[in-house]
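Subject: Structure handover

Hello,

Here is the structure you asked about. Please open it first, then read the notes below.

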Amino acid sequence: MISRVTQLFPVWAILFSAAAYLQPELFTGLKSAIVPLLTVIMLAMGLTLTPADFANAFKHKAAISLGIVLQFSVMPLLALGISLLLGFNTDFTVGMILVGSVAGGTSSNVMTYLAKGDVALSISMTALSTLLGVLLTPLLTALLAGKEVDVPVMSMLVSLVKIVLLPVAIGVTLNTLAQTRVRQIEPVLPVISMLSIVVIIAIVVALNRDNLATHGAVIALAVIAHNALGLAAGYWACRALGFNTSVCRTVAFEVGLQNSGLATALAMKFFTPVAAIPGTIFSVWHNISGSILAGIWSRREADRRTPES
């Protein structure tokens, strides 16, 4: 039952978005809850990790190194390039760059599992990119958007430590010291994370109702292109370097699926509600595209393993 609820994440996201668009007053007053909700998400993520997940990074050095490089180079550069190509204003460009500069999203672990990828590798990559993102996200944002807008690098860094590093560290510690207790609540953690992110999405939609009506379609186009190119870059770079299919699928999801909830929260905290629109749309879309791709790859794997009659 719980897994079914989380699998319908795109549906819940669309329903909450529709409610926020039609009745924005239901959510606009919750603006201050965005950062606490994201902290809850990161704590839930930490509760699913162990020190071994970080140590595993050293067992897959080549694949993880490639994924991390693509994550923090291709994705932010694609975000900037698409924004320039479509003539985005400063707010939209900053929002796109934030999406491109954050770490991989936790949904990549689920998609990797569904696509018959390497789940252990996926978890290790997500954990490592999350830690690196604390430093790299503000630096990349400043590098790519600093000429257009003042980027408070140190303030972002301190916030990322509070929002990401500390909750994840607390979660990992609790999972290590009280693993039995954590296992009892583990099934509900995805639901808590999902509810938190759909509420964040709804708040941003409510705050940007007019902008979405005017610019929503072109931002959606940018987000879809960004996501698709990221997935393709992750997959084909691995293929070119001779990795097996399982690793290629895993890296594709790690590169193409972003922690867009974090990008949304950073946009709201340090820039403008308008800058949060790309992250909001990405949060919905990458779960849809990831689910579709995971389904295709899963069916291919099933067909490959089915003996001919």
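The accessible surface of the protein is about 13,700 Å². Carbon and sulfur atoms hold 67% of that surface. Such areas come from the Shrake-Rupley method with a 1.4 Å probe, and for residues only the protein chains shown count as cover.

A word on the source. This is a predicted model, in which local features need pLDDT of at least 70, side-chain atom pairs count only at pLDDT 80 or more, and totals for chains, interfaces and linings use all residues. Residues are numbered from 1 along each chain as its sequence is written, and side-chain values use heavy atoms, with hydrogens and water left out.

Now the fold. The protein has 16 helices and zero strands. Both are DSSP runs, numbered from the N terminus: helices are H or I with at least four residues, strands are E with at least two. The radius of gyration is 18 Å, close to the 19 Å that the globule rule gives for 309 residues, so the protein is as compact as a globular protein of that length. That radius is taken over C-alpha atoms, and the rule is 2.2 Å times the number of residues to the power 0.38. Along its principal axes, the C-alpha trace spans about 55 × 45 × 40 Å.

Of the 309 residues, 50% count as buried. Buried means under 20% relative accessible area, exposed means over 50%, and partly exposed lies in between (1.4 Å probe, protein chains only). Among contacts with a separation of 6 or more, 84% join residues 24 or more positions apart. A contact means heavy atoms within 4.5 Å.

Look at Thr-141 in helix H9 (residues 119-145). Thr-141 counts as buried because its relative accessibility is 0%. Beyond its neighbours within four places in sequence, its contacts include Ile-97, Met-156 and Phe-271.

Helix H8 (residues 107-114) has these buried residues: Ser-107, Ser-108, Asn-109, Met-111 and Thr-112. Just after H8, Lys-116 takes a positive phi of about 65°.

Last, the charges. How many salt bridges does a search of the whole structure find? One. Glu-186 pairs with Arg-183, and their closest N and O atoms are 3.7 Å apart. A salt bridge is a side-chain nitrogen of Lys or Arg within 4 Å of a carboxyl oxygen of Asp or Glu. Glu-186 counts as partly exposed, at 26% relative accessibility. Arg-183 is also partly exposed, at 37%.

Best wishes
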